[in-house]
Amino acid sequence: SGYFRGVLEAFRLSLRSARANTNVPFDILVVDNNSCRAVDRFIRDEQAKGNIQYHLRSDRNLGSVNAAVQGLRAAPGDAVVYADCDVLFREGWLEQLLSVKEAFPEAGIVCGVPVRYATEAQLALARSVFGADPGTRIEQGTFVSDAVLSEWAQSIGLTLEKYKSSQNVPDFDLRLSRGANIAYAGGGHFAYLTTSDVISRSTHPRTDKLVPGKCPGFDAQITDLGLPSISTPEPVFFHLGNCLAEEWVQREYVRLMGRRPPRAACDPAERKSKLSASRRIPRSIRALFNTAD
């Protein structure tokens, strides 16, 4: 109800789009953070159909950070893609993530949307690591289009201007080029590719707090480890949020699901900032998508 009326439909679309929009084989691991009965039933049905390979279910809400870390550690395979449950996977998403990672192997994570989000530490690390390679060109300027940034800002309930003025959103992009391969320094943490090696190097104390104040997320830890965060040159994900408000998203739902989404799931009236809403989530679900060995 309320803010969460359309979340299950967003999750349905997320799972379906992940399978439909890549030719790379992979397994799906879902971390179920003690979600409601309807979500639990949906996950079990999808696993019975072979659409989900692994299912971790907690008997209580451990908080999104802790749940994500448990999922990352449990994921098999060498390449692991983490995603929140409300992420739409665009055509060729996994191919593009793997291509960027191959071109920039020093990166600890490859984020799927160039949202211009980068702390000073992330920018300094990118300059240091990639600047040491004579074959890498580093440019500072405004390269990511306002259309890309606006799409992201609107999906979390912000105007483009409000997003640009947010903390850790600089007024420039740091573009990395190696031949024809392009990436951007920094990136969001709602969906990204990493590796089992990077996961094994991270440390995270167990905590049941929803937003651990002194326990940084995985993306912050890899910065401390000296591993840069970078982003794909174009979005390979779309943040659905709590509803399927966009007309093109509804058309994608029809294409992939074979039916129109419920009207309640398309109402944008309840769309709010992802950050503000996450502070009051009573139950959550997280999915990890990992490539097979």
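How many aromatic pairs does a search of the whole structure find? The search finds 11. Rings of Phe, Tyr and Trp (its six-membered ring) count as a pair if their centres lie within 6.5 Å. Planes under 30 degrees apart are stacked, over 60 edge-to-face, and the rest tilted. The model is predicted: local features need pLDDT of at least 70, side-chain atom pairs count only at pLDDT 80 or more, and totals for chains, interfaces and linings use all residues. Residues are numbered from 1 along each chain as its sequence is written, and side-chain values use heavy atoms, with hydrogens and water left out.

**View 1. The protein chain as a whole.** The chain has 11 helices and 12 strands. Both are DSSP runs numbered from the N terminus (helices H or I, at least four residues; strands E, at least two). Of the 293 residues, 55% are buried. Buried means under 20% relative accessible area, exposed means over 50%, and partly exposed lies in between (1.4 Å probe, protein chains only). Take the contacts between residues at least 6 apart in sequence: 81% of them join residues at least 24 apart. A contact here means heavy atoms within 4.5 Å.

View 2. Phe 26, Phe 89, Trp 93 and Phe 237 form one aromatic cluster. Trp 93 belongs to helix H4 (residues 93-103). Its relative accessible area is 0%, so Trp 93 is buried. Asn 21 is 72 residues from Trp 93 along the chain, yet their C-alpha atoms are separated by 6.9 Å.

**View 3. Arginines over rings.** Arg 19 lies over the face of Phe 26, 4.6 Å from the ring centre. Elsewhere, the charged end of Arg 175 sits over the ring of Phe 143, at 3.8 Å from its centre. The test requires NZ of Lys or CZ of Arg within 6 Å of the ring centre and within 35 degrees of the ring normal.

**View 4. Helix H1 against helix H10.** Two packed helices are described by the angle between their axes and the distance between the axes. H1 (residues 7-20) and H10 (residues 247-257) pack at about 65°, with axes 10 Å apart. Axes are lines fitted to C-alpha atoms, for helices over the stretch in contact; angles run from 0 to 180 degrees between N-to-C directions. The crossing is left-handed: the near helix is turned anticlockwise from the far one by less than a right angle, whereas clockwise would be right-handed. H1 contributes Glu 9, Arg 12, Leu 13, Arg 16, Ser 17 and Ala 20 to the contact; H10 contributes Val 249, Glu 252, Tyr 253, Leu 256 and Met 257.

**View 5. His 55 and its contacts.** His 55 is in strand S2 (residues 54-57). With a relative accessible area of 19%, His 55 is buried. Beyond its neighbours within four places in sequence, His 55 touches Leu 29, Val 30, Asp 32, Asp 40, Ile 43, Arg 44 and Gln 47.

**View 6. Two loop residues with positive phi.** Arg 116 is in the loop between strand S5 (109-111) and H5. Its phi is near 60°, a positive value in a residue other than glycine. Arg 116 is buried, at 9% relative accessibility. Asn 168 is in the loop between helix H7 (160-164) and strand S7 (173-178). Phi of Asn 168, also not a glycine, is positive, near 65°. Asn 168 is partly exposed, at 27% relative accessibility.
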